[in-house]
Amino acid sequence: WFNTNYHYIVPELDENINFKLNSSKIIKEYNEAKKIGITPKINIIGPLTFLGLSKNKLGENCYSYFEKIIPIYKELLIELSKLDDNIYIQFDEPIFVKDTNKLELDLLKDAYDLLSSVSKKIKIIVTTYFEHSNEATQILSKTNIWGIGLDFIYGMKNIEALKNLNSKKLIAGIVDGRNIWINDINKTIKLLNEIEKIIPKSDIIISTSCSLLHVPYTVKNEKESNINNYLSFAYEKVNEVVIISKLFNNENLSSEETKFLEKRADLLIEKENSTEINDILVQKRLKNIIKIEREGNFEERINIQKNILKLPILPTTTIGSFPQTAEIRQLRKDFKNKEISIEEYETGIKEYIDYCISFQEEIGLDILVHGEPERNDMVEYFGEQLKGFHFTSNGWVQSYGSRCVKPPIIYGDISRPKPMTLKWILYAQSKTNKIVKGMLTGPVTILNWSFIRNDMPRYEISKQIALAISDEIKDLQDAGIKIIQVDEAAFKEGYPVRKENIREYERWAVENFKLSISPANKETQIHTHMCYSEFSEIIKTIEKMDADVLTIETARSGNELLKIFNQVGYKNELGPGVYDIHSPRVPCVDEFYNQIKNLEKIFHIEKLWINPDCGLKTRKWEEVKAALSNMVQAVKMIRKN
């Protein structure tokens, strides 16, 4: 969903598609809930958001399918109206927190005029989240829906639209559904009092800012830590909603709830003054930053680097990780659980690195990687070694389908107590005469894939991470590492949903990336990698990041992305992914050969790197060996010609 880490399948619609209703899952779940004494609200993705997030073959918006899909929604409501005498149905329409146009707003009016007239039994709520949706709120207030859900955590401008609510119920999102900190209940009550000045208290229903999908289940499952008392997961947030609702509506609190409130006030004061959270040395360093850019422009740097690195045309490399085998995962687990000694652990890691280096040398890759066997995750690994990060025991969050992640929690000022990657990169480099890349995760990606503190602006947190990464780059460079890759996989993911806020995000995100690589001298080549993105929207921003080499995904896009880089005259070097690592399929040598020859037609051959489109940790060794061998063989054939 937009700027969260929750991913969704993008429906691809063609002109001949027809839609058909299958309401069995919704009805089954509703009846299951009723059997255990719960009368649930039914949540459904709204028709405009469904179409707005779909694509057709021409890459155009899918609102032309509105006349095909809206009868299906009407049919669904007719089915659901048979379930009960009073049914609350929430349509999620977060597409309207983005910049809207007249067509979308007209269709919004048409959709909910129709749907709100289906049955008097149904009370329709239309909900948006992650930003304000003032334009949509004004339209919805003129329909016959029952309620409107608005986010007052990330969309404070929603207050401006309340005067137009037209006696609709307001589902007020005032408990943060995206982050994991305890609610400042006194502050929240003040906000609700401001809202009450605009609409009657009887029309206000207390809620979370969005679905609790985005946070872990409960703090009760966590091991004791110094910050547990400051955490509020889904279970705890529901309790906060109940207590805030009672306070706001002047209902009596139980003695337990009264004690909860007293403790909450003390916790907020304690958190604000905590020396674990506030590090004077970090804050002082932040104020005294002088250098935020590396030396030399790209043309000057690349000429120096070519003389030092002496790489052939179309240099070959990988993005970083090699397969995370069951044996490697078990090795890390055993060490973490103290079931093996540090000597046994390090022996296992070294053996895996030896294997990776040997394989890469054998097939003839030009720039090698150590394979990252010591790393559990590209963010978690670094967070575990940085001061100011906390890691949960069971803080899993759904990110896609059945896939879950356990995001780090940034609770305090960030610093790097000691080198994080130096030991294993130097070990790998000692095993080969070829160049081994240093591998780091960038500040913006670490920020965007973590739960972050709520007492400091995002850009300042990112800047603290950037300083820590810059320390690591200095150590790697001083130790003789000639190429360092700083991955910004989630750079695009963090973009604001409203265009008016994008320029400011780009400003500090680019500045913090450049700060992280600022110690790199002209001789050190800086690479960065970006995952699947709409690069056409951000290509000028990527240029400003000024990495010497950018590796990106192009395997799925049929080189369309590469054409965009060519059209804008991208001057730095580029590694368009030549095969899709998310599939077990292994391209043959001829396929690689033809793919690379096609790349040459689009982009300058002297600026091209050849690599997979992402890391290889999820693949099996037999797939990796065959694919990389074929890739290198194809490059060798082209060099001979």
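Student: How much space lies in the largest cavity?
Tutor: Rolling a probe the size of a water molecule over the atoms shows where empty space is left. Here, about 40 Å³ of space lies in the largest cavity. A cavity is a set of points, on a 1 Å grid over the protein atoms alone, where a 1.4 Å probe fits but cannot get out. The volume is the space filled by probe spheres set on the points, which are joined across faces, edges and corners. Keep in mind that this is a predicted model, where local features need pLDDT of at least 70 and side-chain atom pairs count only at pLDDT 80 or more, while totals for chains, interfaces and linings use all residues. Residues are numbered from 1 along each chain as its sequence is written, and side-chain values use heavy atoms, with hydrogens and water left out.

Student: Which residues line the largest cavity?
Tutor: Among them are Tyr-579, Pro-584, Arg-585, Leu-616 and Glu-623; a lining residue has an atom within 4 Å of a point. By class, the lining has 6 nonpolar, 1 polar and 3 charged residues. Ala, Val, Leu, Ile, Met, Phe, Trp, Tyr, Cys and Pro count as nonpolar, Asp, Glu, Lys and Arg as charged, and the others, Gly among them, as polar.

Student: What is the volume of the second largest pocket?
Tutor: About 1,200 Å³. A pocket is an open set with protein on both sides within 12 Å along at least five of seven lines. Of the 43 residues lining the second largest pocket, Lys-41, Asn-43, Gln-90, Asp-92 and Ser-211 are the closest to its centre. That lining divides into 26 nonpolar, 14 polar and 3 charged residues.
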